[in-house]
Amino acid sequence: SCAYPKWVAGYDYRQSDKVSLDGLVYSCRNKKGCDDGGRIPGKDNTWILEGLCTPTSHPTNFPMTVFPTFSPTVPPTLAPSTACGVPVWINGANYVNGDQV
């Protein structure tokens, strides 16, 4: 990312404010500001090209690794007790005529 904020159409930019757009840095040179949404850096002369963006930090040589947790954060259930509000069928249970499972 660039050391300067990315240009946003319609933002209230003032003279000497610096923005980044497409990898380049621009500064507002208009005494009345550069807040008109049509005043796009690189396409309007109210913005002065300052140069290339300078990254705010250097890339690392290795990716960040997120280690998984070793125990569940919520205790697991042994078996669901209902499905859609109806008790779940259990092998070996004694059911009678009319039971809903």
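Student: Where does Ser20 lie?
Tutor: Ser20 is in strand β1. Bear in mind that this is a predicted model.

Student: Is Ser20 buried or exposed?
Tutor: Buried, because its relative accessibility is 8% and the cut-off for buried is under 20%.

Student: Which backbone atom lies 3.2 Å from a polar atom of its side chain?
Tutor: The backbone oxygen of Tyr4.

Student: And what else does Ser20 touch?
Tutor: Leaving out residues up to four places away in sequence, Ser20 contacts Cys2, Tyr4, Pro5, Lys6, Trp7, Val25 and Cys53.

Student: Switching to rings. How many aromatic pairs are there in the whole structure?
Tutor: Two. One is Tyr11 with Tyr13: the ring centres are 4.7 Å apart and the planes are at 55°, so this pair is classed as tilted.

Student: Why tilted and not edge-to-face?
Tutor: Because edge-to-face needs planes over 60 degrees apart and stacked needs under 30, while the planes of Tyr11 and Tyr13 are at 55°.

Student: What about the pair of Tyr13 and Trp47?
Tutor: Their ring centres are 5.4 Å apart with planes at 80°, so that pair is edge-to-face. Tyr13 sits in the segment before β1 (18–21) and Trp47 in strand β3 (residues 47–52), so the pair ties together parts 34 residues apart in sequence.

Student: How many clusters do Tyr11, Tyr13 and Trp47 form?
Tutor: One aromatic cluster.

Student: Which is Tyr11, buried or partly exposed?
Tutor: Tyr11 is partly exposed, at 49% relative accessible area. Tyr13 is buried at 6%, and Trp47 is buried with a relative accessible area of 6%.

Student: Which residues make up the largest nonpolar core?
Tutor: Eight residues: Trp7, Tyr13, Val19, Leu21, Tyr26, Cys28, Cys34 and Trp47. Strands β1 and β2 each contribute at least two residues to this core.

Student: Last topic, Asn30. Where is it found?
Tutor: In the loop between β2 (24–28) and β3.

Student: What does its side chain reach at 3.1 Å?
Tutor: The side chain of Asn30 reaches the backbone nitrogen of Lys32. With residues up to four places away in sequence left out, Asn30 touches Gln15, Arg39 and Thr46.

Technical notes: Residues numbered from 1 in each chain as written. Predicted model: local features only at pLDDT ≥ 70, side-chain atom pairs only at ≥ 80, totals over all residues. Heavy atoms only, no water. Phe/Tyr/Trp six-rings, centres within 6.5 Å; stacked < 30°, edge-to-face > 60°. Buried < 20%, exposed > 50% of the residue type's maximum accessible area, 1.4 Å probe, protein only. Helix = DSSP H or I, 4+ residues; strand = E, 2+ residues; numbered from the N terminus. Polar contact = N/O pair within 3.5 Å; in protein donor to acceptor, adjacent residues only side chain to side chain. Contact = heavy atoms within 4.5 Å. Core = buried A, V, L, I, M, F, W, Y, C linked by side-chain atoms within 4.5 Å.
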